Amino acid sequence: MSQTILVVDDSPTVVKFVSFSLKSGGYNVVTACDGMDAIEKLSNLAESVDLVITDLNMPNLDGYGLIETLRSNDQHRETPIIILSSEEGEADRQRGIEVGATSYLVKPFKSQLLLSEVSKYLK
């Protein structure tokens, strides 16, 4: 059974590219357009997700808020979370790690780099 990854980004282009890359790597993908949509989808899924990839700057609930919400939930306290953002400053990276992200990748990125990062957390 393949593992499931939740991809959260308000850019349809990024969601499409990331989803294609992950599916080509053999993963199941669920998508959400912002943090609130992600929380709603997580609560309605019959199975749990194995990893979350999230943008930071999104409407309704940003990536920081999403990560904090997931980390406060026992079901997602240990779920690996990769931030995928165009924010490349050290302050953004540091804040992401402080709220509970597992890793941080900067856009633009290559598909192989994304799959390599995902494989660090999913065996």
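## Sheet, helices and salt bridges of a predicted model

Tyr64 lies in helix α3. The model is predicted, so that local features need pLDDT of at least 70 and side-chain atom pairs count only at pLDDT 80 or more, while totals for chains, interfaces and linings use all residues. Residues are numbered from 1 along each chain as its sequence is written, and side-chain values use heavy atoms, with hydrogens and water left out. Helices (H or I, at least four residues) and strands (E, at least two) are DSSP runs, numbered from the N terminus.

With a relative accessible area of 5%, Tyr64 is buried; the term buried denotes under 20% relative accessible area, exposed over 50%, and partly exposed the range in between, with a 1.4 Å probe and protein chains only. Leaving aside residues up to four places away in sequence, Tyr64 touches Leu56, Asp92, Arg95, Gly96 and Val99, contact being heavy atoms within 4.5 Å.

The buried residues of α3 are Gly63, Tyr64, Gly65, Leu66, Ile67, Leu70 and Arg71. Their cover includes β1, α2, β3, β4 and α4.

How do the axes of α2 and α3 cross? Helix α2 (residues 35-44) and helix α3 (residues 63-71) have axes that come within 9 Å and cross at roughly 30°. This makes α2 roughly parallel to α3. Axes are lines fitted to C-alpha atoms, for helices over the stretch in contact, and angles run from 0 to 180 degrees between N-to-C directions. Angles under 35 degrees count as roughly parallel, over 145 as roughly antiparallel, 65 to 115 as roughly perpendicular and the rest as oblique.

On the α2 side, the contact is formed by Gly35, Ala38, Ile39 and Leu42, which meet Leu66, Thr69 and Leu70 of α3. Five of these residues are nonpolar, two are polar and none is charged. In this division Ala, Val, Leu, Ile, Met, Phe, Trp, Tyr, Cys and Pro count as nonpolar, Asp, Glu, Lys and Arg as charged, and the others, Gly among them, as polar.

### The parallel sheet

Five strands form an open sheet in the order β2-β1-β3-β4-β5, with parallel pairing. β2 (28-32) and β5 stand at the edges with a single partner strand each, so one side of each lacks a neighbour in the sheet. On average, and with direction ignored, neighbouring strands of this sheet are turned by 20° against each other. Two strands are taken as paired if DSSP finds at least two bridges between them.

Strand β3 pairs with β1 in the parallel sense over four bridges, and Thr54 in β3 is the bridge partner of Val8. β3 is also joined to strand β4 (residues 81-85) by three bridges, and these two strands run parallel. In β4, Ile81 is the bridge partner of Val52, and Ile83 is that of Thr54.

In a regular strand the side chains alternate between the two faces of the sheet. In β3 (residues 51-54) both faces are covered: Leu51 and Ile53 on one side, and Val52 and Thr54 on the other, are all buried.

### Salt bridges

Side chains of opposite charge can pair when their charged atoms come close. The structure holds six salt bridges, each defined by a side-chain nitrogen of Lys or Arg within 4 Å of a carboxyl oxygen of Asp or Glu. Among them are the following.

| Salt bridge | Closest N and O atoms |
|---|---|
| Lys107 and Asp9 | 2.8 Å |
| Arg77 and Asp74 | 2.4 Å |
| Glu90 and Arg93 | 3.9 Å |

In the pair of Arg77 and Asp74, Arg77 is partly exposed at a relative accessible area of 36%, and Asp74 counts as exposed at 64%. Glu90 and Arg93 both belong to helix α4 (residues 90-99), three residues apart, about one turn of the helix. Glu90 is exposed, with 52% relative accessibility, whereas Arg93 is partly exposed, with 29%. Salt bridges with shared partners join Asp9, Asp55 and Lys107 into one network.
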